[in-house]
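Please look through the structure shown here before reading on. The report that follows takes up a few of its parts in turn.

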Amino acid sequence: MTAFSLAPEAAGPRLHVARRTLERLRSVPALAPRYPAHLDADSLERLAELPPLAKDDLNTALAHLEPAAEQSATWLFQSGGSTGAPKVGYAPTGFYMAGVHAHWQPLDRADVFVNAWGAGRMWGAHFLAAALADLSGCRIIALGSVAGDEYGGWLEFLAARRVTAIGGTPSVLRLWFSQARAAGVRLPALRKVLWLGEAWQPQLAADLAAVAPQARRWGMFGSTETWVVGTNTPDCPADVFHPLPHQLVHTDADGLLDFTTLDPEMLNPVLRYRTGDAGELTTCRCGRPEPAMRVLGRRDSVVQVRGLGLDVDELIARAERTPGVARAQVVLTERAGRATGVEVLVVPTGAAPAPDVERLRTELFTATLTLGTAFQHDPGSFRVRPVAELVSNGRTGKTAALVLREEA
Ligand SMILES: [Zn+2]
């Protein structure tokens with residue numbers, strides 16, 4: 001079912017921004033045919049008739065438009081992209097965080113905030129968190145990313161500084177809190193954990209309870225193209241976000257979310273832009289009456305293995321249900337486009353007993369039709385391997401469910 005996060009009377013006064021974005025997209029020769037003259041964005045119904053925009057479309061548009069901020073510098077950020085050269089998104093100084101801060105204030109002047117999102121390499125999260133912290137007037141420790149052997153020293157420093165807030169991607173936060181727990185470090189003053197970049201990881205709760213029992217999570221949802229779309233509080237479920245009034249969220253009949261920015265300062269032409277996330281509009285249990293969005297995650301969790309579809313998320317969920325397994329990740333190795341092997345990496349919880357890896361391998365192999373069929377003649381090409389940590393992106397600290405490796 002098609003639905004919008006804003007009522008027509010709330011969206012109406014801001015739709016001129018969507019109409020201007022439509023004109024900008026129409027000026028891009030490669031995209032113009034998708035937007036014939038009879039299409040418009042002057043009402044929500046008409047907006048819903050526009051074709052959705054994918055990441056590649058947006059980058060085609062940006063390459064042509066090369067937007068520049070009117071009142072500040074223009075920052076270039078890398079927006080990921082699954083194939084080919086890095087794709088670029090733009091933002092003005094401030095990263096639209098004044099609009100976020102007007103509606104969401106997890107930090108205040110009394111906070112000592114550790115910005116643990118990695119900085120540099122054209123990733124935007126560290127900078128937008130810095131802009132939010134700046135607006136809150138708190139004390140800021142711009143830590144960025146930290147290497148494996150540096151956690152101990154920094155944790156002592158953070159404990160001594162009595163930090164009250166930390167922010168990062170959930171994968172990175174898990175490293176911080178599992179290291180702290182293992183080292184017996186306590187952060188009793190920590191009350192706020194800000195997160196952005198990935199889904200919340202429920203396993204964080206166990207480490208938080210041991211390390212920082214007072215800490216509560218505060219989430220942001222967005223992308224390098226849309227910037228922050230919505231936020232939540234400790235009273236909201238971790239997968240439910242309240243869209244900001246200048247971000248219009250739409251759910252289509254196919255269950256995919258798309259985003260239209262109604263902020264006149266937005267440099268990226270975000271008009272029915274799809275991040276690939278599935279979701280729905282819902283009512284949040286925190287009591288705020290306006291529609292909230294539940295993010296159900298990516299729809300692209302199925303990969304082709306020797307012509308058969310392998311559901312990566314399902315495989316990981318099975319592995320993570322096994323006693324003794326904290327996290328799992330799938331590594332698919334290919335040679336000339338053909339799968340030569342599938343490996344499930346598992347990080348043990350550290351608690352006894354250790355996971356029975358051989359038993360888990362047999363279980364996954366028999367329970368997953370794709371694996372049993374694809375590797376019928378070379379079952380040894382499917383493996384389960386315990387590791388100390390999963391493969392993560394050095395730039396963002398994010399840990400993908402699937403890692404693709406090409407063999408020479
Ligand atoms: Zn809520």
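This is a predicted model: local features need pLDDT of at least 70, side-chain atom pairs count only at pLDDT 80 or more; totals for chains, interfaces and linings use all residues.

Together, 3 strands form an open sheet with antiparallel pairing, in the order 1-11-12. The edges of this sheet are strand 1 (3–4) and strand 12 (257–261), each of which pairs on one side only.

## The covering of strand 12

Is strand 12 mostly covered or mostly open? Strand 12 is mostly covered, since 5 of its 5 residues are buried. In a regular strand the side chains alternate between the two faces of the sheet. In strand 12, L257, F259 and T261 point one way, whereas D258 and T260 point the other way, and all of these residues are buried.

Helix 8 (residues 170–183) packs with helix 9 (residues 204–211) at an angle of about 40°, and their axes are 9 Å apart. Angles under 35 degrees would count as roughly parallel and those from 65 to 115 as roughly perpendicular, so helix 8 and helix 9 are oblique to each other. The crossing of helix 8 and helix 9 is left-handed.

On the side of helix 8, the residues that meet helix 9 are P170, L173, R174, F177, S178, A180 and R181, and on the side of helix 9 they are L204, D207, L208, A210 and V211. The residues of this contact divide into 8 nonpolar, 1 polar and 3 charged.

## Helix 4 and what covers it

In helix 4 (residues 55–65), the buried residues are K55, D57, L58, N59, A61 and L62. What covers these buried residues includes helix 2 (15–26) and strand 3 (88–92). After helix 4 comes E66, whose phi is positive, near 40°.

G99 lies in helix 5, which spans residues 97–101. With 19 other C-beta atoms within 10 Å, G99 is partly exposed, because a residue counts as buried only if 20 or more such atoms lie within that distance.

Which residues are in contact with G99, leaving aside its neighbours within four places in sequence? These contacts are L244, H246 and D263. G99 and L132 are 33 residues apart in sequence, and their C-alpha atoms are 9.8 Å apart in space.

## Two arginines with positive phi

Most residues other than glycine have a negative phi. R162, however, has a positive phi near 50° and is not a glycine. R162 is placed in the loop between helix 7 (151–160) and strand 6 (165–168), and, with 11 other C-beta atoms within 10 Å, R162 is exposed.

R306 likewise has a positive phi, of about 50°, although it is not a glycine. R306 is found in the loop between strand 15 (302–305) and strand 16 (308–311). With 16 C-beta neighbours inside 10 Å, R306 counts as partly exposed.

Definitions and conventions
Residues are numbered from 1 along each chain as its sequence is written. Helices (H or I, at least four residues) and strands (E, at least two) are DSSP runs, numbered from the N terminus. A residue is buried if 20 or more other C-beta atoms lie within 10 Å of its own, exposed if 12 or fewer, and partly exposed in between; C-beta atoms are placed from the backbone. Two strands pair if DSSP finds at least two bridges between them. Axes are lines fitted to C-alpha atoms, for helices over the stretch in contact, and angles run from 0 to 180 degrees between N-to-C directions. Angles under 35 degrees count as roughly parallel, over 145 as roughly antiparallel, 65 to 115 as roughly perpendicular and the rest as oblique. A crossing is left-handed if the near helix is turned anticlockwise from the far one by less than a right angle, and right-handed if clockwise. Two residues are in contact if their C-beta atoms, placed from the backbone, lie within 7 Å. Ala, Val, Leu, Ile, Met, Phe, Trp, Tyr, Cys and Pro count as nonpolar, Asp, Glu, Lys and Arg as charged, and the others, Gly among them, as polar.
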